[in-house]
Amino acid sequence: MKAIVYDQAGLEPEDPRALYDADVAVPTPGTRDLLVRIHAIAVNPVDTKVRRGMAPDGQRILGWDAAGVVTAVGAGVTLFKPGDEVFYAGSLVRPGCNAEYALVDERIAGHKPATLDYANAAALPLTAITAWELLFDRLGVPEGGGADQSLLIVGGAGGVGSILTQIASRMTRMTVIATASRPETQDWVRRLGAHHVIDHHRGLVEELKRVGVPEVTHVASLTHTDTHYSQLIEALAPQGKLGLIDDPATLDAVPLKRKAISLHWELMFTRSLFQTGDMIRQHEILERVARLVDDGTLRSTLGEHFGRIDAANLRRAHAAQESGKARGKIVLEGFGA
C-alpha cells in the first residue's frame, strides 16, 4: 500500500527526506482492531513535533486524524462492521494514518458524521476529543452548566480552539472569550460562537478588562502557555482552574498557590497509551460529536484543503502547521490512482 513515511528526525519540512512516499505492507487487524481504508487525513501539531523530535527505528508512518471505511475487523470487535464509515485520531504508539490503510482500536473510533464528507470529518477527531476531555473531564465543567462562569481560550483559532469554542459556547452556559490576533482569525472564532474575542498581543489582562470581563473562572491555554503564564494567573479568579495542552519548557506551580488555582493537563493520547479501563470513553465522545454535527450543533473545523495525500502535499501541510498561522485544520484527501 502507499504510505508517507519519515526515517530521521529534525529535518525541515521542505527537505524531501523529511517525509517521502513509500510502499509498505497492509497491516493485519488484532483482536479489537479495525482495518480502515483511509479517505482523508488532517494534520496536527503532534505530527510536526514527532517528525522533528523523535528519531524512528526505520520508517515510521505519522498521522493522527483520519476518516475512512472499515474493510476488516478483528475477532473481538463488537462496535463496527466492514463497510462502516468511521473517523478517529488513533494511538501515538502505533503506525499512523498517513497511508492507504491503517489500524485503530475500536474503543477509540467513532462512526463518521453522516452529514459530513470525509475531508470535513477528518478535521474533527483529535481536536474534538482533546477539547471535550479538557472542558468536561479535566476542568470539570458540567454539560449545560457554568452559569456565571467564564472560560478564556488562548489560541481560539487553532484546531483545538476552533472546536472548544463551539463546545463551550453551545453546550455550557459559560461566557466564552477567545484569543485571536488577525482580522480573519478573529472573525473565524466569532462565527464559531465566542462571546468576546481579544488580542493576546495586547496583553490578556488589559484586553479582558476592555471587553468587560475583569477575571475568568477557567482558562484553556492551548498554545504559548509559558509566554502568557503570569497573565493567566493574574486573570484567573481565586479558586479558578487552569487547563493546558501545550509543552512549556518549565512550569512553576508555586504562583498558583495564593489564589488556590488548580492545574489540569490534557493529553488526548493518555487513554490509549496506558490502555486505561475507561478507554472506550473516546469512542463515546466521537459518537456524541457525530450526533451533534448531524443535528447542527457543531460544525467541522476544516480550514484549508491541501489536495491529495502524498509526500509533497504533506510536507507543505507540515510547513503551514509549523508557521503558527493555520486557521482551523489542514486536511488532505485521496491517494489518487
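Predicted model: local features only at pLDDT ≥ 70, side-chain atom pairs only at ≥ 80, totals over all residues.

User: How much of residues 10-332 is helix and how much is strand?
Analyst: The span is 30% helix and 24% strand, and its end C-alpha atoms lie 23 Å apart. Helices (H or I, at least four residues) and strands (E, at least two) are DSSP runs, numbered from the N terminus.

User: Ok, new topic: how many salt bridges are there?
Analyst: A search of the whole structure finds 23, where a salt bridge is a side-chain nitrogen of Lys or Arg within 4 Å of a carboxyl oxygen of Asp or Glu. In one of them, the side chains of E85 and K112 meet with N to O at 3.6 Å. This pair links distant parts of the chain, since E85 is in strand β6 (residues 85-88) and K112 is 27 residues apart from it, in the loop between β8 (109-111) and α2 (118-122).

User: Is K112 buried or exposed?
Analyst: K112 is buried, because its relative accessible area is 10%, and buried means under 20% relative accessible area, exposed over 50%, and partly exposed in between (1.4 Å probe, protein chains only).

User: Which residue does R210 pair with?
Analyst: R210 forms a salt bridge with E207, with the closest N and O atoms 2.8 Å apart. Both lie in helix α6 (residues 204-210), three residues apart, which is about one turn of the helix. E207 counts as buried, because its relative accessibility is 5%. R107 and D105 also form a salt bridge, with their closest N and O atoms 2.8 Å apart, and both of these residues are buried.

User: Which residues are linked in a network?
Analyst: Salt bridges link E133, D137, R138, E266, R271, D278 and R281 in a network.

User: Now helices: at what angle do α1 and α10 cross?
Analyst: The axes of α1 (residues 45-53) and α10 (residues 311-322) cross at roughly 105 degrees and come within 9 Å. Here axes are lines fitted to C-alpha atoms, for helices over the stretch in contact, and angles run from 0 to 180 degrees between N-to-C directions.

User: Which residues meet there?
Analyst: From α1, P45, D47, T48, R51 and R52 meet H318, Q321 and E322 of α10, contact meaning heavy atoms within 4.5 Å.

User: And P56, what does that touch?
Analyst: Not counting residues up to four places away in sequence, P56 touches Y6, D7 and Q8. P56 is found in the loop between α1 and β4 (60-61).

User: Last one: what is phi at A260?
Analyst: Phi of A260 is near 55 degrees, a positive value in a residue other than glycine. Most residues other than glycine have a negative phi. A260 lies in the loop between β13 (236-244) and β14 (262-265). Phi of Q275 is also positive, near 50 degrees, and Q275 lies in the loop between α8 (270-273) and α9 (281-294).

Note on methods: Residues numbered from 1 in each chain as written. Heavy atoms only, no water.
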